[in-house]
Amino acid sequence: MNKDTKTQNKGLSPSRAVWKTQIDKGVHSPHRVSRITCITNKLFSDKIVEQIFKLGIESVFDETGRTVREFIYPRNFGLPGSTVKNQSTPVDVFRFTVQRKQARMVMDYLVKAGEFHIPGRGTIFSQDLIEFAKKEPPFVVFDDVEGEADHSIPYLDKLSYVICVLSVPGSGDKMAKVALDLGVCVPLITHGISNDLRDQLGLIRITISPEKEVVHLIMPEQDTESIVKLLLEEGRLDRPGRGFIYQTPISYGLIDTRMRVGRQEYAASMEQIIAAIDQLKGNTFWRKRLDTEGNEKINKELWHPDDNCEISIISDEDAEDILKSAGMKAGATGSTVSRLKILASGTKSHKVSSLIQSTFSVSADKTNDVVDALLEHSAVGIKFTERLHVLDSPAAYIQSF
Amino acid sequence: MKKRIKLPLKTSFGMLSGYAKDRIVEQIKLIAFVIIYLVAFQMIILQVPLANALPIAGGIAMVVFGLAFFLEGLLLGLMPLGERVGVKLPTKVGIAFIAIFGIFLGFGSTVAEPAISSLRSAGANVTAWDAPMLYMLLERQTSALVYSIGAGVGIAVATGMFMFYYELSIKPFIFIIIPAVLAMSLVMTFDSTLSSIIGLAWDSGAVTTGAVTVPLVLALGIGVSRAASKNKASSGGFGIILLASAFPILSVLTLSLVLRSSSPEATTEDRFFSPEYRESALRLFDDNDDLLQHAFSRGNEVGRKAFFADEEQYYQTLNQLANNPEITGKLLGNETLDSWLSRKASEQERKYIASVKTEPLQISSGVQLASVLKDESKIALQAVIPLTIMLLLVLTLLLREKLRYRDEFALGILFAIIGMTLLTSGIRLGLGPLGGQVGAQLPRAFSKEAKFIESKMITPFDTTVVFSSITIDGNTKQFFNLTEDNEIKTVEFFPERYDKLNNIYEYVITRAPLLGPKLTVIGILLVLLFAFGMGFGATMAEPGLNALGITVEELTVGAIKRSQILFVVSLGVGLGLVLGVIRILYDIPLIWFLLPGYLALMPLTYMSESGFTAIAWDCGGVTTGPVTVPLVLAMGLSIGNELSVVDGFGILAMASFMPIITVLSFGLITRARQKRIVKTSTEENDE
């Protein structure tokens, strides 16, 4: 990339800069799309997938994860009080892209199918991003879709999607507990693999586990900074090698508020009250938290606001090494890899060995180069299953060596 | 691209020691329960001091290190290899080749692993006259037995591959195969010759899936499933271990049907050895010498006497046994005369041999560490290397793929071999003898009379050493002081045991029953409690189960933890062993447990979710491994010996189906909890 283009793109957000560069290049055409993410209890996965295919969307990516909730049991032997235990529930995380203008209506149908308006059913949200793929997402003809959906759903907007990538085994559960204690949301935990540090070491790398626990949290935008700083403190992420956190914006969504299951002491639970007020107010601004103590302890040099981009590329498992080295050569610090399955409608069968999603959290000035390098070394535009997504990340907390 | 980081030696050492410490502490935690349990039971309840404590402690330390190395070797080397081959196979070759590859893999792994030796240990007391068919399969047709088990496992792996490739649910396979096996076993119960095979067949299924086969086949299945699956109904890679436990049962039952005509009928011991029956008897032995060896190693005095045409020949043979080392070796095989005299000789035979023996008895020395390590390392190499090479060849030559971290892989294979060697040696030197000691004492808990342990012939016996002592109520008892191993013991003198003619005193060591004759029920409960604890503790340490647990935790992203799987499965095995001991104690036919047990599994399987069903059934297949089998057999054989029950088979089969029940129940409880989140929230929001 030459100096002139860099100067030109200086005022633009990372994703806009990528858009402009690739349009100018003319090799890969970017599309402005919305990525819809559904986090649903495995009991309802089939219903959701069926509805997605009924809408004419041809393929969905599925990642396995678990949500953590507090279960409240009465004490044994009739003793007074309750015991609180964190229990995990297996979930499917479905992700697919649609035309931006149609995202809301598609979500309405899915909310109906999965009953996401009921606490405990799951979470659904939409994020605007740029996608590079072989084909644009199909145009959904809603008239052909059977059944009606409620189009007046009061989605929450101004939400943040905070992703914590943790290196120490067992820290996912601890962070989930912190999030539950703070009443943030129902945490989602998935597994990722990252070999960035390991690949730089010799055989001693066997002492470092490649597995990362990725904790996904959704919270009101205005609370994000204070909550993230608390999470950094609790997870001791200011120490090297323990992990990092970054956030991406959510356009709108319906969030699962059922954080507690079990014995309820009052006529309505705290979550029900909060959900009701959110609905009445139409937003979450009313529940802005006060600033918490201890945020001065966080190392300001490592906190990068307004400066990042999330680049994720879905590819065959074999391409992992090539893509990672291409990305790192172009300036990325590393990637987290998670395993995905592709579910296709009809008789389409994709002979893929297995798919992975490599996610890079990259600073703004490197974004264009990294995207360029990844597009060059991938089969995006050739293979139907391969995609590259670029999403602005307003803030990130990353330790670098 | 970042350059390679060179860490200072101190940092590397710190990282390595932290990593090693974590692994070893983990294994100590897993095995601690069973060790403490066994030692406490021996010393506190049975009130017998632990013999050879130092070698046993050393053996247990070897087990801990062995488990740590072996498990790490699986995770670094074998499982990544299996998974990579599995992931690549469906993309490069068709299902036909995958199935054929599965057959070779299953067959090869069975023949390579030493599981068959567990079956022979279980059959150590099987006698040719009581259970001729069983004896024939274990001792005469061993190759046929191994190959039929291998064929069963091969077909199982091929079927599993087929199931993953076409994303079929495991339930139809369970509903077809299990009833078929049960029906065949039930039919065979009614034939007196074939009924003895049922225990062997079901135990074959239980032992086939060994420490190396399980993780390898599991990883392969997960790879194939990941590559091929596109919908929700698939089992996710689990199910092969169940098939590899069920198909061998069918193949062994079929083999016994085929060989039935060449086996003599069951008969009494004296009739079996008599010259009139010789022709039939020799169908199970090479020649007369071989038959005579069986009479000595497994028979009693009545059988030995029946063998000879007249008594003079019998006594002549006894004389040669006592004085001619060549004849001793021929008649007793690897066993020493000293051990045979305690174990099998009748009182008369002992007296006679003591009277004709010209040289003092040689006391056998303990097992040598070096020779044990050498033997076990050979077995470990045989178990790991051929399978690894086979998979590597398929990966590199056929699939044209490379392994990602070759140095890690090589290290993993090395760890697996070292680990397996240390583990099996440690079991042989430490855990096995510990279990054997406790197991040998166990029948005292429910026996009504003093148990004979061994007898020693004191000759020439100088009666002047005997002195009298008087009790409070005026009775006199006679004693003498015996010096043994530089320790002096005062022993009671029984005049009836003194042979004046030959100047020999037979010093008989017995152990009193633990509880009085009226407390036999409590004694039996004690034994059952012991069986439960041992089954629970030993299963927690099984490497195959640990590997399965790690895989389940990974695939469910932590929704089901490894510790939960370990606990629930160990609970199942503990309960299964309780049933197994009850079966031996009351001599209940095996089918009476298997039939209701497996039938109870059918509705549980039907109600459970497909993916979890496969996990649960695999848990059942994985349980009986290198740690559990020796301990369980030591216990089973000892109790069986005490009660003169024919064989120790069937216990392992019990330890296989109970865990399936506990895991499926756990799955249903977890599912109910999941539904609870959704159900109550729906009720709350009903408008």
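Residues are classed as buried under 20% relative accessible area, exposed over 50%, and partly exposed in between (1.4 Å probe, protein chains only). The structure is a predicted model, in which local features need pLDDT of at least 70 and side-chain atom pairs count only at pLDDT 80 or more, whereas totals for chains, interfaces and linings use all residues. Residues are numbered from 1 along each chain as its sequence is written, chains are lettered from A in the order in which they are written, and side-chain values use heavy atoms, with hydrogens and water left out.

Chain B contains 27 helices and six strands, defined as DSSP runs numbered from the N terminus (helices H or I, at least four residues; strands E, at least two). The radius of gyration of chain B is 28 Å, close to the 26 Å given by the globule rule for 687 residues, so the chain is as compact as a globular protein of that length; the radius is taken over C-alpha atoms, and the rule is 2.2 Å times the number of residues to the power 0.38. Of the 687 residues in chain B, 56% are buried.

B:Arg562 pairs with B:Glu26, with the closest N and O atoms 2.8 Å apart. Because B:Arg562 belongs to helix α23 (residues 562-585) and B:Glu26 to helix α1 (residues 9-45), this pair ties together parts that are 536 residues apart in sequence. B:Arg562 is buried, at 17% relative accessible area, while B:Glu26 is partly exposed, at 25%. A further salt bridge joins B:Asp375 and B:Arg428 (3.8 Å, N to O). Here B:Asp375 lies in helix α19 and B:Arg428 in helix α20 (residues 406-441), so parts 53 residues apart in sequence are tied together. B:Asp375 is partly exposed, with a relative accessible area of 33%, as is B:Arg428, with 39%.

A network of salt bridges with shared partners joins A:Asp318, B:Arg84, B:Lys88, B:Lys92 and B:Glu401. Between chain A and chain B, nine salt bridges are counted, among them that of B:Arg404 with A:Glu320 (3.2 Å, N to O). The two chains bury about 4,800 Å² between them, 55% of it on carbon and sulfur atoms; buried area is the accessible area (1.4 Å probe) that two parts lose on being put together, summed over both. The contact (heavy atoms within 4.5 Å) takes 64 residues from chain A and 49 residues from chain B.

Terms used: A salt bridge is a side-chain nitrogen of Lys or Arg within 4 Å of a carboxyl oxygen of Asp or Glu.
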